[in-house]
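Dear colleague,

I am handing over the structure below, and after it I set out what was found.

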Amino acid sequence: MTTSTRTRRTGVLVVGASVSGLNTVEALRRRGFRDRITVVGDEPHLPYDRPPLSKQILSGAWRPERTLLRAPRMLADLDMELLLGHRALALDLPTRTVQTTAGPITADAIVIATGATPRTLPVPEGVRGVHVLRTLDDALALRDEFAAGPRVVVVGEGVLGAEISATARQSGLDVTMTGPLHAPMAAQLGDLVAGQLADLHTRHGVALRLGVGVQSILGEHGRVSGVRLADSRTLPADLVVVAIGAVPATDWLVGSGLTLDRGVVCDARCRAAEGVHAVGDVARWHDRGTNTAVRLENRTHAAEQAAVVAANILGAEDVYQPIPYFWTDQYEVKIQVHGTVPPDARATVVEGDPAQGRFLVRYERDAVPTAVLGWNMPKQARMQRQILLDAQSASGPALTSAHSS
Ligand SMILES: Cc1cc2nc3c(=O)[nH]c(=O)nc-3n(C[C@H](O)[C@H](O)[C@H](O)COP(=O)(O)OP(=O)(O)OC[C@H]3O[C@@H](n4cnc5c(N)ncnc54)[C@H](O)[C@@H]3O)c2cc1C
């Protein structure tokens, strides 16, 4: 790692060299931006994709190179200065200068694309065998642990916890999933689908110890030995994976003058301040449809929001208003969700049959469709997306695609 005190000057500085940062650069170049672009990313790897980490990388089906978002030659064609292994330390808003471990960088426009970092639990000092999963290095370290055939406890019943449990189980491991909710992904997908997921995991041999929080992680002789639950039960473990969500990576922005509130707070055009935009997992933008500040953590959002940010840097006034979309793969099941599932939404199976392992669920609130979910029915779910757009046009700008105002 080199350090310098000379101030670099650049047209656009992107902080975070992952999917939302890279997509912003690509969109800028596509729109004809020819000035200098600098990208600072604290990971040592070329930009890679995270969804395969909990699936194909953890299972060993893919080699790490397959996760690369673009081939090195395509990155070279973008003609950007890529400072990998370097961290942004602070932002001076009036001069638009970012202090980095590679020295200060002053830019006409700054894009904050620093994503999120996993929440953790306290681990007794010196105890090994407790992991999180966010980066490629995390995934490779976890995969190495799988090789010893450990008893795994996955703490967290959200999407990541459910995917890790599925992959660990398919790798032949003894897996227990634990978390405060009564079924996997109940918070994201509601009771109907969460119940199906509970059955799916149980059928595949995952022990569900749900509806109870974790009190502490236990260790013996420098190695994790179990998880103590709030009801005093202990789950024995040789390996613990903590998947209890992630917090936006805004530590380096504290004191910058930007508004930070569970993310970088932005307007409807993803602008955090004059000449500063945020994109992807780190951004909490004003969603005009719901008139609330929204932050999404999914792959498609990162790419779609990047296109809007690039346009706005170049002078457009585009409002970002997506129909959220995410997918998850667990065992033989592929789930796609278009739209938003409010906690009080009513879920109805509108096609297929859960007993047959293929079905479509429509979510409604106050008789207005808010989301569609396909369980091994990707095409049908995509087709139903139109219903969300129709609902939006009928009831005002509740759910629309990204568009210019
Ligand atoms: C294991 C896993 C599986 C997933 N699976 C799915 C899925 O199946 N479907 C789906 O829709 N979504 C999935 N996601 C979510 C999706 O990958 C994220 O929404 C997406 O990666 C967000 O992209 P981003 O560029 O905003 O942030 P990130 O991908 O987190 O990238 C941010 C980058 O900025 C770097 N950084 C942070 N702070 C600094 C700093 N101060 N200086 C320099 N660099 C910094 C980080 O190290 C990182 O490289 C998954 C995520 C994970 C972790």
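Where is the place of D366? D366 is found in the loop between β26 (358-365) and β27 (368-375), the strands being DSSP runs of E with at least two residues, and the helices runs of H or I with at least four, numbered from the N terminus. Please keep in mind that this is a predicted model, in which local features need pLDDT of at least 70 and side-chain atom pairs count only at pLDDT 80 or more, while totals for chains, interfaces and linings use all residues. Residues are numbered from 1 along each chain as its sequence is written, and side-chain values use heavy atoms, with hydrogens and water left out.

D366 is not a glycine, yet has a positive phi of about 50°, and it counts as exposed because its relative accessibility is 70% (exposed means over 50%, buried under 20%, partly exposed in between, with a 1.4 Å probe and protein chains only). N291, in the loop between β20 (283-287) and β21 (292-294), likewise has a positive phi, near 55°, in a residue other than glycine.

Turning to the ligand, 33 residues surround it, and the closest are D42, E43, R50, K55 and R134 (a residue is near if one of its heavy atoms lies within 4 Å). The residues of this shell divide into 13 nonpolar, 10 polar and 10 charged, where Ala, Val, Leu, Ile, Met, Phe, Trp, Tyr, Cys and Pro count as nonpolar, Asp, Glu, Lys and Arg as charged, and the others, Gly among them, as polar.
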